[in-house]
Amino acid sequence: MNFVSTRIITGDIKRLVGFYEQATGVQATWSTEDFAELKTERATLAVGSTRTIALFAPGSTVVRPAENSSVIIEFQVEDVDAVYRNLADTGVVVATDFVNEPTTMPWGNRSLLFRDPDGNFVNFFTPGKS
């Protein structure tokens, strides 16, 4: 078994995919107007519109966009402080969406936590020196 991706379901796929393209610098691949993927060397972030839920479970209301409060989507970056300055200076992430400024965690990673336009937690981090 291989873990290959995480999928976010959203009510505004163009906005959310555009945000992740700007924040990560990764160009999305669109399969349909309701599904896109941002592929990195190690993982894929998939984004689907709410219309895709019916394909998995017709009539389901189990998945509700913009209601996550327990998952953090993480991206490893070379220099989290530089990424923070870029996100703040360009307005990709507005000040109120930053949960913290780059902070060194007890396990050594330097971490920047913020929210995407749907309110999902995103962590950009640089591993600590070993």
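Predicted model: local features only at pLDDT ≥ 70, side-chain atom pairs only at ≥ 80, totals over all residues.
Trainee: How do you know that the span of helix H1 agrees with its number of residues?

Mentor: H1 covers residues 13-24, twelve residues. The expected span is 1.5 Å times one less than the number of residues. That gives 16 Å, and the end C-alpha atoms are 16 Å apart, so the two agree.

Trainee: What follows H1?

Mentor: Gly 25, with a positive phi near 80°.

Trainee: Why is strand E3 called largely enclosed?

Mentor: E3 spans residues 35-39, and four of its five residues are buried, so the rest of the structure largely encloses the strand.

Trainee: How do you know that E3 pairs with strands E2 and E4?

Mentor: Two strands pair if there are at least two bridges between them. E2 (residues 29-32) and E3 share three bridges, in the antiparallel sense. One of the facing positions is Thr 29, whose bridge partner in E3 is Glu 37. E3 and E4 (residues 44-49) have five bridges, also antiparallel, and Lys 39 stands opposite Thr 44 in E4.

Trainee: Which residues have the most contacts inside the largest nonpolar core?

Mentor: Tyr 20, Leu 87, Leu 112, Phe 114 and Phe 124, in a core of 27 residues. H1, E3, E4, E5, H3, E7 and E8 each supply at least two of the core residues. H1 gives the most, six residues. As for Leu 87, the residues it touches include Ala 23, Leu 112, Phe 114 and Phe 124, leaving aside residues up to four places away in sequence.

Trainee: Why is Asn 123 counted as buried?

Mentor: Buried means under 20% relative accessible area. Asn 123 has 6% relative accessibility, so it counts as buried. Asn 123 is found in strand E8, and its contacts beyond four places in sequence include Ile 73, Phe 75, Ser 111 and Leu 113.

Trainee: Why is the pair of Phe 75 and Phe 124 called edge-to-face?

Mentor: Ring centres must lie within 6.5 Å to pair, and planes over 60 degrees apart count as edge-to-face. Here the centres are 5.4 Å apart and the planes stand at 80°, so the pair is edge-to-face. The pair links distant parts of the chain, with Phe 75 in E5 and Phe 124 in E8, 49 residues apart. Phe 75 counts as buried at 15% relative accessibility, and Phe 124 is buried at 2%.

Trainee: What makes Phe 114 and Phe 124 an edge-to-face pair?

Mentor: Their ring centres are 5.1 Å apart and their planes at 90°, so the pair is edge-to-face. Phe 114 lies in E7 and Phe 124 in E8, so the pair ties together parts ten residues apart in sequence. Phe 114 is buried, with a relative accessible area of 0%.

Trainee: How many aromatic pairs does the structure hold?

Mentor: Seven. One aromatic cluster is formed by Phe 19, Tyr 20, Phe 75, Tyr 84, Phe 98, Phe 114 and Phe 124.

Note on methods. Residues numbered from 1 in each chain as written. Heavy atoms only, no water. Buried < 20%, exposed > 50% of the residue type's maximum accessible area, 1.4 Å probe, protein only. Core = buried A, V, L, I, M, F, W, Y, C linked by side-chain atoms within 4.5 Å. Contact = heavy atoms within 4.5 Å. Phe/Tyr/Trp six-rings, centres within 6.5 Å; stacked < 30°, edge-to-face > 60°.
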